Amino acid sequence: MDEVSLAGRDLAGQVVFGFPSSVSMVLSVPLAETVRLEAPRIRLRAVEAMSGFIRDWLMEGAVDLAILYDTAGLVGCEITPLMTEGLKFYCAADAWPFDSAPGTPVPLAHAAAQELVLPSANHGLRMLIDRSCRSIDAAPNVVVEMDSLTQILSLVARGSAATILAPAAAEAHLAANGMIGADILDPAIRRQVHLVRKADRTLTRATREVEAMTLNIMRELVRRNLWPGELIAEGQIHPA
């Protein structure tokens, strides 16, 4: 047995990791596989929820690590910016609503005017979309509010409504579910993805190892365009 395997087997303990649904769809499975292979005595517990719940669980100490988009107002945390991703407009492949060729970049005003299914108003993604629309004196034409990512994707694939999502949440479903995506411009809607943990929480070897695995996997996913976005330079850890 080589030294790496021996080191992995020496690591033990539970790590509870909170993921927003869009991130869980692209990151949780490869992370679980890597932990199982490289550090089998680490018990990874991945929990998926809306960002607001994950933020609360982090501050309460219910999770060891969390992926968050909005870190404003966090206190006593170490925040590592990971990447920046842009939101896209999605609709059924046979329901492209514009005169342009399917998949052509769409002005935000045109995307917002379509019949949309979006998360409810207290969801971080919805708040970002609402703010972006207000910047151009527009409002999204929301015909259905739904806080389940799976159900949003199902409605869009059925042609019942369009949506605005991060590519990590939708790209894997495009071909299988007959969906098409397009970049949004004038303005683009962009957000940062952060890895966060409480600064006063005991940093176990298991947590440190899962954190390192997460960074490596995320960078590889971005480089392979499996998680579309732009990497932020390594080593930027911001106390909050």
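Student: Which residues does Ser-24 touch, not counting those up to four places away in sequence?

Tutor: Ser-24 touches Phe-19, Val-29 and Glu-48, where contact means heavy atoms within 4.5 Å. This is a predicted model, in which local features need pLDDT of at least 70 and side-chain atom pairs count only at pLDDT 80 or more, while totals for chains, interfaces and linings use all residues. Residues are numbered from 1 along each chain as its sequence is written, and side-chain values use heavy atoms, with hydrogens and water left out.

Student: Is Ser-24 buried or exposed?

Tutor: Ser-24 counts as buried because its relative accessibility is 8%. Buried means under 20% relative accessible area, exposed over 50%, and partly exposed in between, with a 1.4 Å probe and protein chains only.

Student: Where is Ser-24 placed?

Tutor: Ser-24 is in helix H2. Helices (H or I, at least four residues) and strands (E, at least two) are DSSP runs, numbered from the N terminus.

Student: At what angle do H2 and H9 pack?

Tutor: H2, residues 21-38, packs with H9 at an angle of about 130°, and their axes are 10 Å apart. Axes are lines fitted to C-alpha atoms, for helices over the stretch in contact, and angles run from 0 to 180 degrees between N-to-C directions. The two helices are therefore oblique to each other; angles under 35 degrees count as roughly parallel, over 145 as roughly antiparallel, 65 to 115 as roughly perpendicular and the rest as oblique.

Student: Which residues make that contact?

Tutor: From H2, they include Val-26, Leu-27 and Pro-30. From H9, they include Val-210, Met-213 and Ile-217, and these three are also among the buried residues of H9.

Student: What comes just after H9?

Tutor: Asn-225, which takes a positive phi of about 60°.

Student: Changing topic, which residues touch the most other members of the largest nonpolar core?

Tutor: Leu-87, Phe-89, Trp-96, Ile-164 and Leu-165 do, in a core of 35 residues. Such a core is a set of buried Ala, Val, Leu, Ile, Met, Phe, Trp, Tyr and Cys residues joined through side-chain atoms within 4.5 Å.

Student: Which element gives the largest share?

Tutor: H6, with 5 residues.

Student: And what does Trp-96 contact?

Tutor: Leaving aside neighbours within four places in sequence, the contacts of Trp-96 include Phe-89, Cys-91, Pro-102 and Ile-180.
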